[in-house]
Amino acid sequence: MGSEWPTVRLGNYIDSCLGKMLDKEKNRGELYPYLGNKNVRWGSFDLDDLAEMRFEEHEHDRYGLKYGDLIVCEGGEPGRCAIWKNQIPGMKIQKALHRVRPLEGLNNYYLHYWFTWAYRGGLLDPWFTGTTIKHLTGRAISQLEVPLPPIKTQEEIARVLCSLDDKIALNHQINTTLESMAQALFKSWFVDFDPVIDNALAAGNPIPEALQARADARAALGDQRKPLPDHIRQQFPDRFVLTEEMGWVPEGWHISTIGEEVETTGGGTPSTKNPDFWESGTHPFCTPKDMSQLKSLVLMDTERHLTDAGVRKISSGQLPKGTVLMSSRAPIGYLAISDIPVSVNQGIIAMLPNQHYGPVYLLCWAKTNMNHITDRANGSTFQEISKKNFRPIPFLVPGKGILEAFNEQAEAIYSRILLTSEQTDALTRLRDTLLPKLLSGELRVPEAERPVAEII
């Protein structure tokens with residue numbers, strides 16, 4: 001068991017290197033993408049917004065990454081780490097990160113899970129330097145004391161935990177695909193107006209110049225164009241009209257505002273100095289930070305919870321399941337559908353679905369109109385959109401039958417997303433339960449394999 005495992009000094013089992021200092025005046029060589037602190041998440045990488053830095057040829061080995069390297073954050077959230085799997089060739093690291101390459105006798109996945117366990121258990125805290133801004137230096141990493149079971153045991157522990165993480169990652173991919181399907185349907189019907197264009201082409205009605213390119217693309221599809229079922233297609237008009245607010249829109253649809261069509265509200269934060277509002281709280285309390293950590297559009301829990309007294313301190317109280325949440329600052333634009341009754345802070349605008357506009361419709365509308373939303377924000381370095389500025393945003397109102405048809409399809413997609421999210425939540429809880437028990441040696445691998453087999 002764990003007590004039988006020796007504790008070793010990590011520096012004896014790794015080759016570690018801090019990344020390159022970003023200095024545009026001094027750096028020479030060719031441009032390469034690099035990872036910064038913001039690109040490293042727990043167990044994964046955010047590669048959507050990569051910067052580039054100049055590296056000389058002799059720096060490639062030192063700052064370049066190989067498959068299996070463990071990338072560890074020096075600051076921000078010291079110890080946060082993920083394993084590099086050659087997602088992008090030629091990747092380098094910036095000074096905010098350590099490249100940790102395990103040597104013989106140490107499994108890289110085992111080390112990744114050890115860092116996760118050590119961070120959550122506070123085992124890394126004594127090694128941090130700094131007071132307000134904490135850092136995990138290379139010297140500290142080399143001095144860390146790590147339990148070292150036999151390499152085969154390390155591999156078995158990693159295999160069990162990786163099986164859960166792999167299924168979690170697959171579920172995230174499935175939900176991303178499903179969310180894209182819902183967004184594509186919304187765009188086709190309510191942004192590109194494909195069914196209206198198809199009806200206009202069939203009727204021989206004129207196509208506005210602004211929509212002609214889309215009409216040509218639709219016409220070019222010929223027999224590949226998939227018509228809607230007649231009962232849905234007939235709900236769409238076959239002409240466009242010009243409006244002052246939104247340009248060309250389908251005939252018969254009218255223009256309102258989001259505030260007139262949907263109930264919107266904000267939130268607040270009860271005093272954090274009053275324990276009566278927080279201690280033993282059971283009611284989820286959502287902030288933009290909670291939304292930033294989501295990997296799907298479903299909010300299933302939050303970091304902090306309020307008591308009954310805390311909920312009463314917020315004018316909007318507790319919002320129902322199905323509420324669409326949008327961060328209104330820090331930054332603007334995180335979106336989620338709450339699968340739990342939730343209270344929100346002042347950094348969130350909540351949209352309550354109604355009989356016409358379901359949660360998926362409202363979320364897709366917000367995502368599609370994000371440029372209009374941010375254009376109404378105030379502030380230079382710190383942008384925020386108020387409810388007062390949000391509510392007058394133009395909102396196109398389709399026919400009732402069209403909304404019903406969209407909501408029916410969207411709800412089917414959302415039901416699948418929800419089922420996948422619930423399984424992901426269960427997988428995550430099981431992984432987080434097994435992690436400390438396996439790493440401490442409290443639980444043997446065969447005992448952990450049984451619950452894993454039941455859920456995967």
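Modeller: His-112 sits in helix α2, which covers residues 108–120. (Helices are DSSP runs of H or I with at least four residues, strands are runs of E with at least two, and both are numbered from the N terminus.) Please keep in mind that this is a predicted model, where local features need pLDDT of at least 70, side-chain atom pairs count only at pLDDT 80 or more, and totals for chains, interfaces and linings use all residues. Residues are numbered from 1 along each chain as its sequence is written, and side-chain values use heavy atoms, leaving out hydrogens and water.

With a relative accessible area of 8%, His-112 is buried. (Buried means under 20%, exposed over 50% and partly exposed in between, using a 1.4 Å probe and protein chains only.) Leaving aside residues up to four places away in sequence, His-112 touches Gly-43, Leu-70, Cys-81, Ala-82 and Ile-83, where contact means heavy atoms within 4.5 Å.

A disulfide is a covalent bond between the sulfur atoms of two cysteines, and here the test is a pair of cysteine sulfur atoms within 2.5 Å. Searching the whole structure turns up zero disulfides. Cys-162 is in none, and its nearest cysteine sulfur, 12 Å away, belongs to Cys-81. Cys-162 itself counts as buried because its relative accessibility is 14%. For Cys-286, the closest cysteine sulfur is in Cys-364 at 19 Å, so the two are too far apart for a bond. Cys-286 also counts as buried, at 0% relative accessibility.

Now to the sheets. Strands of a sheet pair through backbone hydrogen bonds, either parallel or antiparallel, and two strands count as paired if DSSP finds at least two bridges between them. Strand β16 spans residues 283–286 and pairs with β18 in the antiparallel sense over three bridges. Across that pairing, Pro-284 stands opposite His-305 in β18. Both strands belong to an open sheet of three strands, ordered β18-β16-β21, with mixed pairing. Its edge strands, β18 (304–306) and β21 (343–344), each pair on one side only.

Another open sheet has five strands in the order β15-β22-β19-β20-β17, again with mixed pairing. At its edges stand β15 (263–265) and β17 (298–299), each with a single partner strand, so one side of each has no neighbour in the sheet.

Helix α11 (residues 359–368) lies across β19 (324–328), β20 (332–338) and β22, running at about 170 degrees to β20. (Axes are lines fitted to C-alpha atoms, for helices over the stretch in contact, and angles run from 0 to 180 degrees between N-to-C directions.)

In the loop between α9 (288–292) and β17 you will find Gln-293, which is partly exposed with a relative accessible area of 48%. The C-alpha atoms of Gln-293 and Arg-41 are separated by 9.5 Å, although the two are 252 residues apart along the chain. On the scale of the protein, residues 24 or more positions apart account for 73% of the contacts with a separation of 6 or more.

Stepping back, the protein has 15 helices and 23 strands. Of its 456 residues, 48% count as buried, and the C-alpha trace spans about 80 × 60 × 50 Å along its principal axes.
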